[in-house]
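Hi,

Here is the structure I promised to pass on to you. Have a look at it first, and then read on for what turned up.

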Amino acid sequence: MTRRRWLLGLAALVAVVLVAAGAVVTTRLVSHPSPGPVAGPGTPSPSAEPSTPAPATTSPTPPPGADLKGPLNLLLVGVDTRVTVPGWEPHADAVLVLHVPAGLGRAYLFSLPRDLVVDIPAYPKAGYPGGRTKLTHAMSYGSRVPGDKKHPSTAQGYELLRTTVSRYTGLRIDAGAVLTFFGFDRLVDALGGVDLYVDQRVASIHRRPDGQYRQHTAGGYVGPQMVYEKGTRHLNGWQARDYARQRYIAGGDYARQRHQQQLIRALALKILSQGLARDPDRVEQVVRTLGKTMVYVGGGRRLVDFAYALGGLPPEKFVLVGLPGDSVGSGGSYRGEQLLPVGRDFLAALRGGDADAYLAAHPSLRVKN
């Protein structure tokens, strides 16, 4: 498997288009080296033979991201923006973190529950005073633009969510991407669908078998349901997104987190099987298709920097991790979720560089399929 092919596969595992967009630049840098200095008056043209060979006085330019040695932490967020509803604040429905230890030789992908009860810090830019509530609200509260309720800022929301995730996990977030539901549909369709192993029967509360939305009444959704039966299935964009967003199923939100991780891995296999990284025009097509449905935040680093830095990661060295949790109540009412000690201890092991040993002692945390 070539370095560039795995680079794009990693994109699907982490932030899908985050590195895919960088792969376009990467491919061009490799295939089309930067031109030399522009000729000025009296300077021989590139085709002219110089009278005296110029001595080599400069060293080769290092590749982009050569200074990124790790550890690296990338944050991928799937949001429900409800763009058809004016002023709808983006909600973080999927929060995934990819941790790549120093040396960039392996990686760990895990999810945090959207309803995880966390301390969200004050965010003056959005007029938010801070508080203890569900993780998903960090995106919503941070997106508020004082004096302009009709145009919430997804980039602002990501900033507060990133800070909240960083404080909770103890991991510095280096870069990330926010992808809307519509962007996810477009991505999967641009790739020609995805083959996914459905590990349990899932009935959709949102969609009918023909893909139309089910009618929503005061008593809930009504009408025929799209059902995803157990087994290997080929899903198009809306089906993949619909399947991965269902949480009113056996296992609840933790099953949904597992399905989201499995879907990302299936997308990686799809990208690798197509050899997409070797076709820059195809990558550009995917990136153009996404348009404004994706927001990239790189902390001042270019996409291509992370693309090169992660390009050497062996495909067999990434691990999907499921962090178990349970509900938190107050006065008999549901407040949200909390990670069990085994999940919180994994984060500590990750920070300390002992993730492999910890997973060997707690193999049930590894996500299969």
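Strands β2 and β3 pair in the antiparallel sense, over five bridges (strands pair if DSSP finds at least two bridges between them). The two form a hairpin with six residues between them, and Gly103 in that turn has a positive phi of about 95°. Across the pairing, His99 stands opposite Tyr108 in β3. Strand β2 covers residues 91-100 and is mostly covered, with nine of its 10 residues buried. Buried here means under 20% relative accessible area, with exposed being over 50% and partly exposed in between, using a 1.4 Å probe and protein chains only. Helices (H or I, at least four residues) and strands (E, at least two) are DSSP runs, numbered from the N terminus.

Before you go further: this is a predicted model, where local features need pLDDT of at least 70, side-chain atom pairs count only at pLDDT 80 or more, and totals for chains, interfaces and linings use all residues. Residues are numbered from 1 along each chain as its sequence is written, and side-chain values use heavy atoms, leaving out hydrogens and water.

Next, the aromatic rings. Rings of Phe, Tyr and Trp (its six-membered ring) pair if their centres lie within 6.5 Å; planes under 30 degrees apart count as stacked, over 60 as edge-to-face and the rest as tilted. By that rule there are four aromatic pairs. One of them is Phe110 with Phe346, edge-to-face at 6.2 Å centre to centre and 80° between the planes. This pair links distant parts of the chain, 236 residues apart: Phe110 is in strand β3 (residues 107-112) and Phe346 in helix α10 (residues 341-352). Phe110 is buried, at a relative accessible area of 0%, and Phe346 is buried with 0% too.

Another edge-to-face pair is Tyr228 with Tyr243, at 5.6 Å centre to centre and 65° between the planes. Tyr228 sits in strand β11 (residues 227-228) and Tyr243 in helix α6, 15 residues apart. Tyr228 is buried at 2% relative accessible area, and Tyr243 is buried at 0%.

That brings us to α6 itself. Why is this helix largely enclosed by the rest of the structure? Nine of the nine residues of α6 (residues 237-245) are buried, so the helix is largely enclosed. Among those buried residues are Trp238, Arg241 and Asp242. Asn236 caps the N-terminal end of α6, with a side-chain oxygen 3.4 Å from the backbone nitrogen of Trp238.

Cheers

Definitions and conventions
A polar contact is a pair of N or O atoms within 3.5 Å; within protein, one must be able to donate a hydrogen and the other to accept it, and residues adjacent in sequence count only if both atoms are side-chain atoms.
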